[in-house]
Amino acid sequence: MSVDALVLLEDGSRRRLGDIAVGDRVITRTGEGAVVTAVHEQGELDSVRIRTATGREVVAAPDHPFWTPDGWVKAGDLTERDYVANVLCPELVADGTEDVDEFKLAGYLVGDGCTTNQVTFTGGDEDVLADFRSTCDRLGYSHVTRPNSARSSLIRISGLRPWLAEHGLLDKNAWQKRVPDFVFRGDSWQVGAFLGAYFACDGTVSRRGRDRYDLVVEYYSVSRGLLADVQHLLLRLGIQSRLKLKRGRYQGRPHESWRLSITSQDDVARFVQRVTVIGERGMRLAEWAPRRDRFEERLAADRVVSVEQAGLHECRCLTVDGDHTFTVNDFVVHNTTLANIVAAELGAGIRVTSGPAIERSGDLAAILTSLAEGDVLFIDEIHRIAKPAEELLYSAMEDFRVDVVVGKGPGATAIPLDVEPFTLVGATTRSGLLTGPMRDRFGFVAHLDFYAPADLEALLHRSARILGVPITDDGATEIAGRSRGTPRIANRLLRRVRDFAEVRAEGVVNLETARAALTVYDVDALGLDRLDRAVLTALVDSFRGGPVGLSTLAVAVGEQPDTVEEVCEPFLVRAGLLARTPRGRVATEAAWHHLGRTPPNGTFGAEAPSVPDLFSAAPDQP
């Protein structure tokens, strides 16, 4: 990640990634704190800039993973169809010593205060003015009120400049204002006091949502940094918001300002519940607020809107105890594969690489010699590792030693290098391509099985809560039954059904909506798509169930043989719809029935119904 990205710490403060040190406690994907055990300098890397629908952005190396509903996805592989995760309501350990009235005072001054010359506060809501004066009285600051215009008053405060200087608020114009650092270290009650006071100055409440009855809650400012800080504080209270640029005209000239909108009615309900607003805006909120709230979830989905090249950026990464995740600019990042779980249980560090990246034995030797004692080395797609590197790995696994050859020809010398004891974790989806010596050297070989329908239903309910989509039990059951036992497919189908439901079914995913949507997307009751059914149909209708060769079958459906073999056949065989025989591919009885066809006479036993064929004739026919 870019060293300029902001990492959320357990005390609520945010610090540049470049300033994070070993021993700092950061917020992880679970919302809990964990200690940083190592800091890894990555140098300057070609990076990408990720922007999301909420207005957030972050710069990361293309291979750095982000947490999504489909699991971990590398930054360079994210598309506009992906969602990244924000952490809601993190479990912070607030250590601020400021009084709650100081949080409220900061909110008022950030909103309608002037700190460049004399310290003043201007407003036209008498309830807000009265509350501001009461706050100053409780903190011991004297004040004088005088008329400012026909509809507003001005309050001049004495003795406040040292406090403003201490918290970085002195001599700041509207474009320079930011949330003071101490506010980030406050608890939810103190943060709510700041947000409520600021909203009483620069907030709006209106009924102009999508159906003209939804409530829209917004903050306005010319300072993007200020509203980005407020957006983060809202997320701390479990409230999602969207930051957008607003262009217009002011006094006859082009004018740009920023708008932070809370449009989801679940988020508006939580805002009213957790942020107390004084004055006319507070009364409108209390009167119009929806009576509902979101599901209690740790993560919220944030849609990616663009992934662009960002050039060279100084990057670094962290090793974090626990589940090896942390939050950067409110996004959940890092890597939590099975290898990370092993590393976490061992209390060791982890080094992640991939088979295609290890092209020479020297590449692997450099990685192995940099490992500390007890570290975990994770090699993804290990079957694609280069042959010389694979043979070098044998001695490292057995003897914790590698031989590096220096020079060429008669003068070449083999230098033995010791390797610290380490744990190797290899992952592959093509275990058959692993050589026998490589496979035999692993102490334990595991196979990840497909998910059961009940597990997929639980996963779909959780994904629906993250996406903010109401889903019924029968709707989840229907999608799970068509997901082929794969979470990635289940989440993909859920998003497509969600799109259909928002347009055709009032946004609720139930049994009828799921069936109608999946019919539109050509996914049948067993999870077969258009190509799967084309293969079965060609096999049954054109070749009378087979056997037929792979190349002939591929030509019949207009696809390449490897596409049919690697994309379609694995699930068709597992579902019992297709069999591979020495003579070719054969459709099973289940395939005939699934397509609504009747098998020919005697194909699957005597109990099959009699069907006339080319070689049968009625008794009265010649």
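Two strands are said to pair here if DSSP finds at least two bridges between them, and strands (E, at least two residues) and helices (H or I, at least four) are DSSP runs numbered from the N terminus. The model is a predicted one, in which local features need pLDDT of at least 70 and side-chain atom pairs count only at pLDDT 80 or more, while totals for chains, interfaces and linings use all residues. Residues are numbered from 1 along each chain as its sequence is written, and side-chain values use heavy atoms, with hydrogens and water left out.

Of its 622 residues, 46% count as buried (under 20% relative accessible area, with a 1.4 Å probe and protein chains only). Coloured by pLDDT (the predictor's confidence in each residue, from 0 to 100), the chain has a mean of 80, and 88% of its residues reach 70 or more.

Next, select residues 113-114 and 120-123, which are strands β9 and β10, running antiparallel and joined by 2 bridges. A hairpin through 5 residues connects β9 to β10, and G113 has F121 as its bridge partner in β10.

Finally, move to residues 606-616, where pLDDT stays under 50 and the model has 7 contacts beyond four places in sequence, a contact being heavy atoms within 4.5 Å.

Definitions and conventions: Buried means under 20% relative accessible area, exposed over 50%, partly exposed in between (1.4 Å probe, protein chains only).
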